[in-house]
Amino acid sequence: MTTATRLRRFANLAVLAGFAASTMPVLATPPTTPPTDPPVKGVGINVANIDPTVSPCDNFFQYASGNWMKNNPIPASEVRWGSFNELADRNNAMLKAIVNDAARDAAKAPKGSNAQKVGDYYASAMDSAAIEAAGLKYLKPYLDRIAGIKDLAGMQKFMADPKAHAGSAWFGAGVGQDDKNSTQYAVFVSQGGLTMPDRDYYLKEDARSKAIQTAYQNYLVNTFKLLGDDEATAKANAATVTRIETRLAKASKGRVELRDPYANYNKMTVAEASKQYPNLNLPLLLKDSGLGAAKDIIVGQPAFLKEVDTMFKEEPLADQKTYMRWHLVSSVTAGLPKAFGDESFRYAQVLTGAKKQQPRWKRMLSATDRSLGEAFGQMYVDKAFSPAAKQRAKDMIENLRVAYAERIKSTEWMSEATKTQALKKLNAFVVKIGYPDKWKDYSSLNINRESYLQNMLATREFANMDQLKKYGKPVDRKEWGMTPPTVNAYYNPSMNEIVFPAGILQSPFYDPKADDAVNYGGIGAVIGHEMTHGFDDQGRQYDAEGNLKDWWTKEDGEKFNARAAVVGKQFSAFSPLDSVFVNGDLTMGENLADLGGLTISYQAFQKTKQAKEGKKIDGFTPEQRFFLAYAQIWRTNARPEYLRQQVQTDPHSPAQFRTNGPLMNMPEFFQAFGCKDGQKMVRPTAERAKIW
């Protein structure tokens, strides 16, 4: 069974930092006389990033970061670049030093220690010569097992084995909190089985989609040739994989449909599921996965699973094995000879616009973080995150919680009954900062330097079994869904928790040397964003205990939906490229979280001494610095290919709209920069969105 991750996450869109020569801002209404006092220099906002040729009231994204974007082209190995990437690069420099030390000293470290495992994992990943020499040696037993499947019963047995390493074939399955009973773990089965990013990549027939489909065919054919197939066989096998995946794509729900948690919750007994999907042999799958005690199963998309069940019976066994072979191989490319990775990257170039591959050390650093995240992360936080930083973040979170409560209480469209439940949920938010209080135990995982591919499969098996063994145990509320170095954050509705890894609690999001305006415009908006996910179009459907349960009055629910629809309409009109528009329904939750997070953080900032005193820094008022800090976090350059993929698949809007979109609804912003009706950043009053 494969791991099913069901966490809501804050975007890590990338933007660039600049070195232009401006030292003083240009305000909406420039002063007519020079200041008599020398300007106060600030920390946290780079005024050189500002493009003074653009009015802040016409395009604040361009105004705040235009010079930076001009002076910071996207590196050839990246598809976008911005503050998230810059911070990740600084983290990577520290992580690289840590992992190189671990690799050098792994032989001296106690066997089985985190240092030994991290060091040997990374060393094996970087040993390209050994990977080339091994060829398919370590993959062959798994390929042979697929080749040895004789019939439907053999396929069922293979799919039931959690150690089969079937990649992402057919469907997803795993153990997670029951959406309607957050105190218990449940077994989930959901749609999956595709290689391309989304179902629509198989089904669309426009020129761009056709180009990606052609690149995918080349990737398939060339990979099968690397596995030893002749040209004709490789082409036939590629056609088989495409045919099977297209059939799965046609049965899959779209990304907007998948945003409905009730539609994705279809609980049935194992007996009922076995009757509906007889060819999958779910009792065997549960038994061999150690889940034989399960009486119920939650099916995310019943129609999809029905199609897979039909395919198990209808599709020729040889074709099914070809499909399985592809998913196994394509899931372990990094552990195979370089030619396999080159084919994968050629496809990625067409998909994302990347000019060259990231250096192997950077890719393998990320792989080490994904595979041994808390072992590696424990070594990271010892160097990168102090108890004082954790306490400062905690204080700010509590300030925002107070501000959020005030906004809820003063909301004119919500009834007292719903406000009471909203406050209950807000006060029940669990806050996790920096790193886990309880680290994951990797003692049962064996890592050595013999083979990176073996290490990849060992960590995959460990993660799978770690998840499966949760079933029947109390819910682990200390568990984290991100590793400590991650430059990101998330809200988990089933846990009703907001989580901020150490990786994001650094400049430019948080800087202990900066003024409050900068920190509230940065990490404060991030905190408010994650809090608002608890009350967005999806999160609001979960109660204070994390259960999928409607706690709104009917009238309040309708009022919320009407207000959210205004936001959806606004974002659906944004176009990052010619004839390409943001999907306001797909991005609804993130857009609501951006608007709510900024609103709440601004209210919390107004309570600070700086906001009350109103003194200028770098020539800007506190309120102007707040909004500049927010905008400069989202500074981004992105390739057009990446933007097309983002709009089609990502629940986050492109960075320029995450900046301008919320601000166009905020009178506080208009006032700060002297913006007037009729200017582009000022929406007409009747068209503005306001929820909290």
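1. Ring pairs join Phe60, Tyr63, Tyr520, Tyr602, Phe605, Phe626, Phe627, Phe669, Phe670 and Phe673 into a cluster. Rings of Phe, Tyr and Trp (its six-membered ring) pair if their centres lie within 6.5 Å; planes under 30 degrees apart count as stacked, over 60 as edge-to-face and the rest as tilted.

2. This is a predicted model, in which local features need pLDDT of at least 70 and side-chain atom pairs count only at pLDDT 80 or more, while totals for chains, interfaces and linings use all residues. Residues are numbered from 1 along each chain as its sequence is written, and side-chain values use heavy atoms, with hydrogens and water left out.

3. The largest nonpolar core has 187 residues. Such a core is a set of buried Ala, Val, Leu, Ile, Met, Phe, Trp, Tyr and Cys residues joined through side-chain atoms within 4.5 Å; buried means under 20% relative accessible area, exposed over 50%, and partly exposed in between (1.4 Å probe, protein chains only). Phe60, Trp170, Phe171, Met324, Phe627, Phe669 and Phe673 have the most contacts inside the core. Helix 17 (residues 387-410) gives the most to this core, with nine residues. Helices (H or I, at least four residues) and strands (E, at least two) are DSSP runs, numbered from the N terminus.

4. The structure holds 40 aromatic pairs. Tyr219 and Tyr347 form a stacked pair, because their ring centres are 5.5 Å apart and their planes are at 15 degrees. Tyr219 is in helix 8 (residues 207-226) and Tyr347 in helix 14 (residues 338-352), 128 residues apart. Tyr219 is buried at 6% relative accessibility, and Tyr347 is buried at 8%.

5. The pair of Tyr520 and Phe605 is tilted, with 6.1 Å from centre to centre and 45 degrees between the planes. Tyr520 lies in helix 20 (residues 516-533) and Phe605 in helix 22 (residues 588-605), so the pair ties together parts 85 residues apart in sequence. Tyr520 is buried, with a relative accessible area of 5%; Phe605 is buried at 0%.

6. Two arginines lie over tryptophan rings. The charged end of Arg540 is 4.7 Å from the ring centre of Trp552, and Arg635 is 5.4 Å from that of Trp68. The criterion is NZ of Lys or CZ of Arg within 6 Å of the ring centre and within 35 degrees of the ring normal.

7. Backbone points to check: a cis peptide bond joins Ser507 and Pro508, with omega about 10 degrees. Asp618, not a glycine, has a positive phi of about 55 degrees. Asp618 is in the loop between helix 23 (609-613) and helix 24 (622-633) and is buried at 7%.
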